[in-house]
Amino acid sequence: LALTTSVQSMEQEPSKLYLERLLKENPEFINIMLISSTGQEIVAVSRYENIPRESLRWYGDDTEFKEALAGKRGQGYVVFEEGRPTLEIAVPVKRSPGDVAGVLAAKLDLRFLSEWLRQIKLGRTGVIYLVNRGGFIVAHSELPLATGGIQTLHFPSVAAVLQGQEVIPYGTGSRYQNLSGERVVAGAMPL
């Protein structure tokens, strides 16, 4: 996305048209912003509201903005807004190697991950879920469980994964009671 000429131009109208089309074609995007190298928003488009030019913000002190401007991909934490997991990301807009013109940032609705997990079958009763760094369920193969209110640090497999360890089924830390109180066997790995 950051390599398209509409974005690399850093011009308001072509960028806005491109980002609006991108928003319509990709339901996982909540909003997308194009930010100049000085930190001033040039364009902001949202799935849920019209953002007038006078409402454009300044991001000069934002950590993800600074990381992206330095040529790195900036990524925030998964947070829950209105019962849905979201993630903010930022990438540099480069006109050429070493020439960072600005930053392309977006907020993603991560519910699509639960839809994807629902399609994976683990035997008759197996479930799959992803947790954030705080141990909260971000995506779950049983969709209603991915609302942000379920904390899983008390599961041995989750605690191990958040410490960077892989949990092998039937190995240490793989047996516990699930959210329904049923005895389960888990396999887990950090991503």
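Trainee: What does the lining of the second largest pocket look like, by class: how many nonpolar, polar and charged residues?

Mentor: Its residues divide into twelve nonpolar, three polar and seven charged. Keep in mind that this is a predicted model.

Trainee: OK, and what's the volume of the second largest pocket?

Mentor: About 390 Å³. The lining comes to 22 residues, and those nearest the centre are N31, M33, E41, R57 and Y59.

Trainee: Which elements supply that lining?

Mentor: β1 (29-36), β2 (41-46), α3 (63-69), β5 (84-96) and β6 (99-109) each put in at least two residues. β1 gives the most to the lining of the second largest pocket, with four.

Trainee: Since β1 came up, where is I32 found?

Mentor: I32 is found in strand β1. With a relative accessible area of 1%, I32 is buried, because the cut-off for that is under 20%.

Trainee: What is I32 in contact with, leaving aside its neighbours within four places in sequence?

Mentor: There are L19, L22 and L23, then V43, A44 and V45, and finally L104, A105 and A106.

Trainee: Now the largest pocket. What's its volume?

Mentor: The largest pocket has a volume of about 1,500 Å³. It is lined by 48 residues, and I128, Y129, L130, V131 and A188 are the closest to its centre.

Trainee: How does the lining of the largest pocket split by class?

Mentor: You get 32 nonpolar residues, twelve polar and four charged.

Trainee: Which element gives the most to that lining?

Mentor: That's α5, with four residues. Elements that each supply at least two residues of the lining of the largest pocket are α4, β7, β8, α5 and β10 (183-185).

Trainee: Let's look at α4, then. Which of its residues are buried?

Mentor: In helix α4, residues 111-118, the buried ones are L113, S114 and L117. Looking down the axis of α4, they fall within an arc of 100°, so they line one face of the helix.

Trainee: What do the buried residues of α4 pack against?

Mentor: They pack against β7 (129-131) and β8.

Trainee: Can we zoom in on L117? Buried or exposed?

Mentor: L117 is buried, at a relative accessible area of 2%. Leaving aside neighbours within four places in sequence, L117 is in contact with I128, Y129, L130, A139, H140 and S141.

Trainee: Switching to rings. How many aromatic pairs does the structure hold?

Mentor: The structure holds one. F155 and Y176 make up that pair, which is stacked, with 4.5 Å centre to centre and 25° between the planes.

Trainee: Where do F155 and Y176 sit?

Mentor: F155 is in the loop between β8 (137-140) and α5 (156-162), while Y176 is in strand β9, residues 175-177. The pair links distant parts of the chain, with the two residues 21 apart.

Trainee: F155 and Y176, buried or exposed?

Mentor: Both F155 and Y176 are buried.

Trainee: Last bit, the whole chain. How many helices and strands are there?

Mentor: The secondary structure comes to five helices and ten strands. The C-alpha atoms fill a box of roughly 55 × 30 × 25 Å along the principal axes.

Trainee: What percentage of the 191 residues is buried?

Mentor: Buried residues make up 39% of the 191. As for contacts between residues at least 6 apart in sequence, 41% join residues at least 24 apart.

Note on methods
Residues are numbered from 1 along each chain as its sequence is written. This is a predicted model: local features need pLDDT of at least 70, side-chain atom pairs count only at pLDDT 80 or more; totals for chains, interfaces and linings use all residues. Side-chain values use heavy atoms; hydrogens and water are left out. Rings of Phe, Tyr and Trp (its six-membered ring) pair if their centres lie within 6.5 Å; planes under 30 degrees apart count as stacked, over 60 as edge-to-face and the rest as tilted. Buried means under 20% relative accessible area, exposed over 50%, partly exposed in between (1.4 Å probe, protein chains only). The arc is that of the directions from the helix axis to the C-beta atoms. Contact means heavy atoms within 4.5 Å. On a 1 Å grid over the protein atoms alone, a cavity is a set of points where a 1.4 Å probe fits but cannot get out, and a pocket is an open set with protein on both sides within 12 Å along at least five of seven lines; lining residues have an atom within 4 Å of a point. Grid points are joined across faces, edges and corners, and a volume is the space filled by probe spheres set on the points. Ala, Val, Leu, Ile, Met, Phe, Trp, Tyr, Cys and Pro count as nonpolar, Asp, Glu, Lys and Arg as charged, and the others, Gly among them, as polar.
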